[in-house]
Amino acid sequence: MFFYVKWLPDMKKVFSFSLLLFVVVTGCYAQSNPVINAFPAGTILHGNIPYNNDTLQKHLLDIYLPPNAKGKLPLVILIHGGGWLSNDKYADIGYMKKTAAEIVASGFALASIDYRFSTQAVFPAQILDCNRAVSFLYDNADKYGFDTKRFAVMGFSAGGHLASLLGLSKNNNVETFFMKGSSRSFNIQAVLDFYGPAELILFPGADDAKSPEGILIGAAPLARPDLAKAASPVTYVDKNDPPFLIIHGEKDNLVSPKQSQLLSAWLNVPGVQNEVIMVKDAPHFGSMFDVDDIRNKVMAFLKKELK
C-alpha cells in the first residue's frame, strides 16, 4: 500500500547543533550529548555504553528512557545512516527531533547505536555490530527496564538498510551475522525503514568498487554478485518476517525510491505486512521527514506493533 505525503519546500532541511549539554549518566560521570535537549524534560540518558566489551568508539550506544517510567518498556533501536562510512548515533536524531521526542514521550525507550564504518571493516562487520548491540540490549533488559518481547528497529538510509537486514535475517539464523558468544534469543517485532537500500545491485554505481556500496562489500556489486546478495535485505524475505513501515522521498537521488518499492514488492510475495509512504517532492533525508503526518504514521505503527 502506498501513501503520499506533501513536503513544504520552505521547511528547514537540516538542524544545526551549537549547544552541548552535560548530563549525568550511568556510572556517575558526565558526558556531552548534542541531542539530549531534543528529548522531554526529565529524560534519563545512559550514554556511551560499550556493547561489545571493548574500547572501540564505534561499539557504543546511548539509551534514552522516559521520565517517571513504570513497568517494562517497549524499545525502539535506532541505526544511523551515512553511506556505511560516516555519521554517528546522534546524526539522524538531529533532524528527526520531534519524532525522537515523541517516541520517548509516548512511553518507549530509545536506543541509538554506532557501528564500524565500511572504511574500517567490510561487510558483514556492520550487521555483526548491529546484532551485537541488540543482543546487549536484550541481555541487559532487566537493568534498563526493557520488555524483551517488544523490540523494534528503526534506521535511516544506510541505517535503514541495516535495520531491514537485521529484521529480515534474524529468523534465518545467518551464522556470519553474529559475533561469537552473542545472544540470539531476541526477536524483532517491527521495522521502520527510512529510505534504506534493499538490493545493492540496483544502485547505478553497482559497477564501481569505489561507490559506497562497493566499499561496503569490498568489491563492485556487479563483479561480486554473491557478496551483494548476502548484503541485500531482500535476500532474506520470508513469510515469518516482522511488519514494515517504509518511508522514502519521491525525489531521492541518492537512494532511488525503487529500492523501497522493490522491498515492499518482495514483502508482498509471502504476505508480510508492510506499508510504503512516498513523501511528495522530498529528496534524501532531512527535517521534511519529521512532519506531523509522517510522525503520526510512525507512532501509530509503533503503538500497534509493540502494544
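Mentor: One term before we start: a salt bridge is a side-chain nitrogen of Lys or Arg within 4 Å of a carboxyl oxygen of Asp or Glu. Also, this is a predicted model.

Trainee: OK. How far apart are N and O in the salt bridge of Lys297 and Glu275?
Mentor: The N to O distance there is 3.0 Å. Lys297 lies in helix H9 and Glu275 in strand E11 (residues 274–280), so the pair ties together parts 22 residues apart in sequence.

Trainee: Is Glu275 buried or exposed?
Mentor: Glu275 counts as buried, at 18% relative accessibility. Lys297 is partly exposed, at 29%.

Trainee: How many salt bridges does the structure hold?
Mentor: It holds 11. One of them joins Arg295 and Glu102, with the closest N and O atoms 3.2 Å apart. That pair links distant parts of the chain: Arg295 sits in helix H9 (residues 292–305), Glu102 in helix H2 (residues 97–105), and 193 residues separate them.

Trainee: And how accessible is Arg295?
Mentor: Arg295 has a relative accessible area of 7%, so it is buried. Glu102 is partly exposed, at 27%.

Trainee: Switching topic. What is the secondary structure made of?
Mentor: Nine helices and 11 strands. The protein has 307 residues, and 59% of them count as buried.

Trainee: Why is strand E8 called largely enclosed?
Mentor: Because nine of its 11 residues, in the stretch 146–156, are buried.

Trainee: Which strands pair with E8?
Mentor: Strand E6 (residues 73–79) pairs with E8 in the parallel sense, over six bridges. Strand E9 (residues 190–194) also runs parallel to E8, joined by five bridges.

Trainee: Which residues are bridge partners there?
Mentor: Leu78 has Met154 in E8 as its partner. Gly155 has Asp193 in E9.

Trainee: What do E8, helix H5 and E9 make together?
Mentor: A right-handed β-α-β unit, with H5 covering residues 158–169.

Trainee: Last one. Where is Asp238?
Mentor: In the loop between helix H7 (225–230) and strand E10 (244–249). Asp238 is buried yet has no salt bridge. The nearest side chain of opposite charge, Lys239, is 8.3 Å away. The cut-off for a salt bridge is 4 Å, between nitrogen and carboxyl oxygen.

Trainee: What does the Asp238 side chain meet, then?
Mentor: A polar contact of 3.2 Å joins it to the side chain of Asn171. Not counting residues up to four places away in sequence, Asp238 touches Asn171, Asn172, Pro270 and Val272.

Key:
Residues are numbered from 1 along each chain as its sequence is written. This is a predicted model: local features need pLDDT of at least 70, side-chain atom pairs count only at pLDDT 80 or more; totals for chains, interfaces and linings use all residues. Side-chain values use heavy atoms; hydrogens and water are left out. Helices (H or I, at least four residues) and strands (E, at least two) are DSSP runs, numbered from the N terminus. Buried means under 20% relative accessible area, exposed over 50%, partly exposed in between (1.4 Å probe, protein chains only). Lys and Arg count as positive and Asp and Glu as negative; His and the chain ends are not counted. A polar contact is a pair of N or O atoms within 3.5 Å; within protein, one must be able to donate a hydrogen and the other to accept it, and residues adjacent in sequence count only if both atoms are side-chain atoms. Contact means heavy atoms within 4.5 Å. Two strands pair if DSSP finds at least two bridges between them. A crossover is right-handed if, with the strands pointing away from the viewer, the path from the first strand over the helix to the second runs clockwise.
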